[in-house]
Amino acid sequence: MSVDNSTEDVCVTLRNLLNTIQCVTARVRDGESNESDGDFNLSTFWDTLNQAGKVVSQEATKVSLAFSKPPLPSPQDGGTLAESILKSVLSLSTVYYWLPKSQGINLRQQVRDATVEVLEGIAQLLEVILTSPLQSLTQEQLTSTGSVWSACDHFAQLPQDNKAAALVVLSSQTGVVKDAIEEVEQALSEAHDPFSDVLYDEEEEPRGNQDTYWSEKDRRVIGACQGMMKVSAACLRKLTSAVKANGDAGTPQKVAQLDDLADIVKQISPEVDDLALCLYPPMDYNGVENNLSKLAALMKNLLAIIRSSHVCGESELTWVHFLDGAVDHNLQKAKDLIQLDS
């Protein structure tokens, strides 16, 4: 396609807009929000953020339509369109910066991620327009436009305070831990010793190739590790109920406690995954004991933080104490099994 000066001017305008939006996105991703509440009103913030998202969504529709069929926008119209898009993007990012840290780090992170998703969506749409035939509506352009709409609509589904943000973290981590437990259970049910039906003298040397199956000792060790993983899952479930019942984001101290809980909860699923991965044959007992000890220490720390937080009432103390003992029991059981006959 031959490119006349008018078309080239419009393309330059879009490229400049794209570069600017990418810079704005980088600042939002790495930047800091307000330090203090001041006159901040959370309800007003959400109303303004949702409205800002709707404006960006409308701008995405306008630019997509403008470049979907001939004639192309004139350089003047293209400039006006670019200014309007940039204004909507800057307004959205400005609203994000209104949200102070005192409202909760986890809440801020989730709002930031949603804002970045919108900005990245707009940038992707502009890239698609620039790399596609300028007078046709491609499937990729339709998909990119829809992605911006979806990202903007997501603001309405975000947690409205730090209690809700903590529950989002708990829900995601509970799901990951549950999946890890089920994967280990499935692997155990499907795995078998290929020589299990062959009698052999117990005084003989153990069979050399155990790279593809678990020995009886392996399976006993795995049982103790499964116990620890299930304690982790039970703790996440109980903590979720406690946050739902007792969680409060009304004071800075309680907001900070919810952040502390969410931060340590985020560490649980990676530790459970690491433990699960090292259980596969050939089993490295040192690796198993090391990963199990790490998970146990993390769980003890989480239970201590729960115990000292506002989400822990009299009724919660019972299960906190029980799970604390269960962590010690499963860790010691696994260590005893690992040392057996070694």
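A residue counts as buried when its relative accessible area is under 20%. In this predicted model, Q226 has a relative accessibility of 16% and therefore counts as buried. Q226 lies in helix α7, and, when residues up to four places away in sequence are set aside, Q226 is in contact with V184, E185 and L188.

## The overall picture

The protein has 342 residues, of which 45% count as buried.

## How α7 packs against α11

Two packed helices are described by the angle between their axes and by the distance between those axes. For helix α7, which covers residues 216–246, and helix α11, which covers residues 314–339, the angle is about 165 degrees and the axes are 9 Å apart. Angles over 145 degrees count as roughly antiparallel, and α7 and α11 are therefore described as roughly antiparallel to each other.

The crossing in which α7 passes α11 is left-handed. Sorted by class, the residues in the contact of α7 with α11 are 16 nonpolar, 3 polar and 5 charged.

## A closer look at α11

Helix α11 has 26 residues, which at 1.5 Å a residue should span 38 Å, and the distance of 39 Å between its end C-alpha atoms agrees with that expectation.

Which residues of α11 are buried? They are E316, W319, V320, L323, D324, A326, V327, N330, L331, A334, L337 and I338.

## Two cis peptide bonds

P70 and P71 are joined by a cis peptide bond, with omega at about -5 degrees. P71 is located in the loop between α2, residues 42–66, and α3, residues 75–98.

A cis peptide bond also joins P281 and P282, and here omega is about -5 degrees. P282 is part of the loop that lies between α9, residues 268–277, and α10.

Conventions
Residues numbered from 1 in each chain as written. Predicted model: local features only at pLDDT ≥ 70, side-chain atom pairs only at ≥ 80, totals over all residues. Heavy atoms only, no water. Axes fitted to C-alpha atoms, helices over the stretch in contact; angles between N-to-C directions. Helix = DSSP H or I, 4+ residues; strand = E, 2+ residues; numbered from the N terminus. Parallel < 35°, antiparallel > 145°, perpendicular 65-115°, else oblique. Left-handed = near helix turned anticlockwise from the far one by under 90°. Nonpolar A, V, L, I, M, F, W, Y, C, P; charged D, E, K, R; others polar. Expected span 1.5 Å × (residues − 1). Buried < 20%, exposed > 50% of the residue type's maximum accessible area, 1.4 Å probe, protein only. Contact = heavy atoms within 4.5 Å.
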